[in-house]
Amino acid sequence: MVLAEARQPLAVSTFIHSGNDTTTTTTTTTTSTSSTTTAQSTTSITDSSPSSSPTAKSSSFASEKRRAIHENAKKNQRNLIEGKSKKSALSFMYRHQIDVPLGFIATVLISHYLLELPLAAKFLYLQNQDPLTGLYSKAWSDLYFIFFWIVVFTFLRAFVMTQVLKPIALWAKVKREHQRNRFQEEGWVCMYYTCSWILGMYVLWSSPVWNNWWFWFKPEAFFEGYPHTRLPHVMIWYYYVQFAFWLQQIFVLYVEVPRKDFWAMIAHHTVTLLLIGGSALSNFWRAGNAVFVVMDLADIILAFSKSIKYLGVASRVCDGFFACFMVCWLYTRHFLYGYILHSFMFTAYEMIPFELDIANGKWYCRELAWLPVLGLALLQILMVYWFALILRIVFKILKGHSAEDDRSDDEQ
């Protein structure tokens, strides 16, 4: 049981619109020989104005509150860049996302290929291979491998954003710095999810779980032969790299300017990491692989759509991609994902005997069987919340407006 996200997504709506909330003020002018009469007259007229209704006041207050939160977030990010943040470690990591990771990567490579130090190999390769079958099983030494890929993703993200995507944004004459930053973020996400989805589909296709291109997996195959303690190299490698990516995403959440659904994203990433770690620990690798590919596809369309929106592509084109995104979201994150959740609620209960035998990799017992169901259900709840935001965008499009990302902050 694993999740992949996304940024979801994670990340839900597909497009961003720049602009500030507007407030309407009504100015009333009265002529009076007395300052007291003037004040009373102004108060009377203002009170009778529609803009002073409780609903308007509430809307204005909410708008000001969102703007204040956004300005505070931008101030915190500037402090990170300038090294003025109280979180000195986070500030240091933010300002050295290329040089420090690159130094670590170079050290590991030199230690392994030139100095031939045994420890360096643990950062680069999976260690626990069965010499007879060639299959791999998990080991505590795999934590070195995961940590190495966290560092690699930190370097790759910063390098691709600044050296590849930023020049594209400048070439496309994206004037606002905030939009350039968002384009770089979404461009990197699009590139990563494309690669991870292709590899994940290959892993799924080459496993006993594969069904066909319309319904990707056979739910009962998740549990046949459980526990799956020995795996092909490509599956466990893919799994650990995904785990590293999502661990690195926690750092990313705190260095990007927060969106409106920041706390929903925190919850999403927390559930995601618990599902990935829990599925690896309890040997439900096959189901985890299925969740990864189910979640990644919509994120590719989402990130690509938002990227071209920032580049100034016509709204009709972006709205077309939004329609594709919505169909993909419904099919993968509610239909296919729903089958995965259903399989843990019923199929696993029917196929796997309750037994807690940690030495042999058996973790499915009455006391723990509800945990994967809970994690997958919480993830589905978050996706329903984001789908509600998608529907808001649909209503806007039907009214003749362009698609906008309801999660996004008020951009300056």
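Which residue forms a salt bridge with E186, and how far apart are the closest N and O atoms? The partner is K306, whose closest N and O atoms to those of E186 are 3.4 Å apart, where a salt bridge is a side-chain nitrogen of Lys or Arg within 4 Å of a carboxyl oxygen of Asp or Glu. This is a predicted model, in which local features need pLDDT of at least 70 and side-chain atom pairs count only at pLDDT 80 or more, while totals for chains, interfaces and linings use all residues. Residues are numbered from 1 along each chain as its sequence is written, and side-chain values use heavy atoms, with hydrogens and water left out.

**Salt bridges**

- By the rule given above, the count comes to five salt bridges.
- K306 is buried at a relative accessible area of 1%, and E186 is buried at 2%, where buried means under 20% relative accessible area, exposed over 50% and partly exposed in between (1.4 Å probe, protein chains only).
- D299 and R333 meet through their side chains in a salt bridge of 2.9 Å, N to O, and this pair joins helix α10, which holds D299, to helix α11 (residues 315-351), which holds R333, across 34 residues.
- D299 counts as buried at 1% relative accessibility, and R333 likewise counts as buried, at 0%.
- The side chains of D130 and R230 also form a salt bridge (3.4 Å, N to O), which links the loop between α5 and α6, where D130 lies, with the loop between α7 (177-205) and α8, where R230 lies, 100 residues apart.
- In this pair D130 counts as buried at 16% relative accessibility, whereas R230 is partly exposed at 44%.

**Aromatic pairs**

- A search of the whole structure finds 43 aromatic pairs, counted when rings of Phe, Tyr and Trp (its six-membered ring) have centres within 6.5 Å, with planes under 30 degrees apart called stacked, over 60 edge-to-face and the rest tilted.
- Among them, F145 and Y240 form a tilted pair, 6.4 Å centre to centre with 55° between the planes.
- Because F145 lies in helix α6 (residues 142-171) and Y240 in helix α8 (residues 233-255), the pair ties together parts that are 95 residues apart in sequence.
- F145 is buried at 1% relative accessibility, and Y240 is buried with a relative accessible area of 6%.
- The rings of F245 and W246 have centres 5.7 Å apart and planes at 85°, so this pair is edge-to-face; F245 and W246 are both buried.

**A loop residue**

- S137 is found in the loop between α5 (118-124) and α6, and S137 is buried, with a relative accessible area of 14%.

**Spans from the UniProt record**

- The unreviewed UniProt entry lists residues 186-205 and 262-281 among its "transmembrane region" spans, with positions given in the numbering used here, feature names shortened, and annotations that may be inferred rather than shown by experiment.
- In the model, residues 186-205 are 100% helix and 0% strand, with end C-alpha atoms 28 Å apart.
- Residues 262-281 are 100% helix and 0% strand, and their end C-alpha atoms lie 28 Å apart.

Methods: Helices (H or I, at least four residues) and strands (E, at least two) are DSSP runs, numbered from the N terminus.
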